[in-house]
Amino acid sequence: MTRYQPFQRIKQLCVTSIALGAWLLASTTAANDDSSPKGHFTLPEEGNMVGQVYTVTAGNEDTLLDIARAHNVGYEEIRMANPDVSIWIPGEGTEVTIPGQFILPDEPRTGIVINVAELRLYYYPKVSDGEAPRVETYPIGIGSDAYNTPLGITKTTMRLENPAWYPPASIRREAAERGDPPPAVVPPGPDNPLGQYAILLDIPGYLIHGTNQPDGIGMRASRGCIRMHSEDIESVFWRVPVGTQVNIIDAPIKVGWGASGDAYVQAFTATDEKAFGMETLLNVVSLLEEHKEAGVDYEQVRNVLEEANGQIVPLS
């Protein structure tokens with residue numbers, strides 16, 4: 001598997017656009033065309049952004065996680081977009097921001113691209129002649145710090161419906177130490193952590209699969225596999241051919257361009273402590289200056305990188 005070095009090339013910084021505040025006031029309607037499922041978009045002719053930010057009103061029994069799942073976003077995304085809203089009891093009538101706009105990764109638009117920093121998967125399905133190219137994007141769960149999801153270019157090798165789960169040695173050892181050894185195999189059903197569908201990767205032991213713990217979508221909580229909501233993995237399972245390229249990247253900085261050329265910057269928490277150093281800042285500013293006619297506010301960009309709160313900030 002080819003290793004991917006996330007900061008060797010600044011142009012491998014993914015990108016996104018969105019702005020809370022004044023921009024949000026103009027974006028309070030649907031996230032995409034009513035005719036398309038949430039997270040499905042026609043590729044833009046100009047710029048590299050799809051979707052939009054909008055707001056919804058919480059009901060009496062809603063949790064923030066319920067709202068996130070219904071609107072195609074994960075735990076960290078909904079939490080960072082609504083830092084002052086309770087995860088478990090938003091409260092009836094509370095306005096909740098849905099961060100439903102995305103910058104497409106600066107990678108070839110083929111197969112599946114997974115940005116672990118963003119906790120999000122992008123799928124570029126093949127289209128027929130004359131059909132507009134499109135992208136689908138879904139929130140995911142990935143490996144925890146101790147079990148990082150491996151980076152690099154790989155491919156899908158097999159699709160399994162109703163897979164059995166064979167607990168790996170690490171899990172069996174930890175469970176035995178707790179005095180609760182797991183069975184040698186967990187059959188299909190509600191107790192199976194792989195869910196109903198699994199797509200094997202050409203990296204031994206790693207899969208894209210469903211889950212019986214949906215609250216972990218949008219978190220770093222797995223043993224390295226890529227988890228998806230059951231409805232999301234089901235929607236792509238039969239449409240992702242065996243042999244599809246899967247490009248797993250770690251791009252915590254995203255630079256976005258709107259159709260009119262407006263520039264945006266977004267930063268997520270980096271796993272590499274050196275990721276947001278001075279060299280990175282200068283590279284981001286240089287990249288922006290290549291596309292912006294007006295000067296770039298150095299301090300504004302630096303503040304976005306320092307906060308790394310996942311919000312897309314328009315550059316004035």
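The structure holds 8 salt bridges, each a side-chain nitrogen of Lys or Arg within 4 Å of a carboxyl oxygen of Asp or Glu. This is a predicted model: local features need pLDDT of at least 70, side-chain atom pairs count only at pLDDT 80 or more, and totals for chains, interfaces and linings use all residues. Residues are numbered from 1 along each chain as its sequence is written, and side-chain values use heavy atoms, with hydrogens and water left out.

Start with Arg120 and Glu77. Their side chains meet in a salt bridge at 2.8 Å, N to O. Arg120 lies in strand S7 (residues 120–124) and Glu77 in helix H3 (residues 75–81), so the pair ties together parts 43 residues apart in sequence. Helices (H or I, at least four residues) and strands (E, at least two) are DSSP runs, numbered from the N terminus. Both Arg120 and Glu77 are buried. Buried means under 20% relative accessible area, exposed over 50%, partly exposed in between (1.4 Å probe, protein chains only).

Glu131 forms a salt bridge with Arg134, with the closest N and O atoms 2.7 Å apart. Here Glu131 is partly exposed at 37% relative accessible area, and Arg134 is partly exposed at 25%.

Next comes helix H7. The side chains of Glu299 and Arg302 form a salt bridge there (2.3 Å, N to O). The two residues are 3 apart in H7, so about one helical turn separates them. Salt bridges that share partners join Glu299, Arg302 and Glu306 into one network.

Helix H7 (residues 298–307) also lies across strands S16, S17 and S18, running at about 30° to S17. Angles run from 0 to 180 degrees between N-to-C directions, and axes are lines fitted to C-alpha atoms, for helices over the stretch in contact (heavy atoms within 4.5 Å). Helix H6 (residues 278–291) lies across S16 and S17, at about 10° to S16.

These strands form an open sheet of 3, ordered S16-S17-S18, with antiparallel pairing. Two strands pair if DSSP finds at least two bridges between them. S17 (residues 263–267) and S18 pair over 2 bridges. Val265 has Val313 in S18 as its bridge partner.

Finally, the rings. The structure holds 4 aromatic pairs. Tyr197 and Trp238 form an edge-to-face pair, 6.4 Å centre to centre with 80° between the planes. Rings of Phe, Tyr and Trp (its six-membered ring) pair if their centres lie within 6.5 Å; planes under 30 degrees apart count as stacked, over 60 as edge-to-face and the rest as tilted. Tyr197 is buried at 5%, whereas Trp238 is exposed at 53%.
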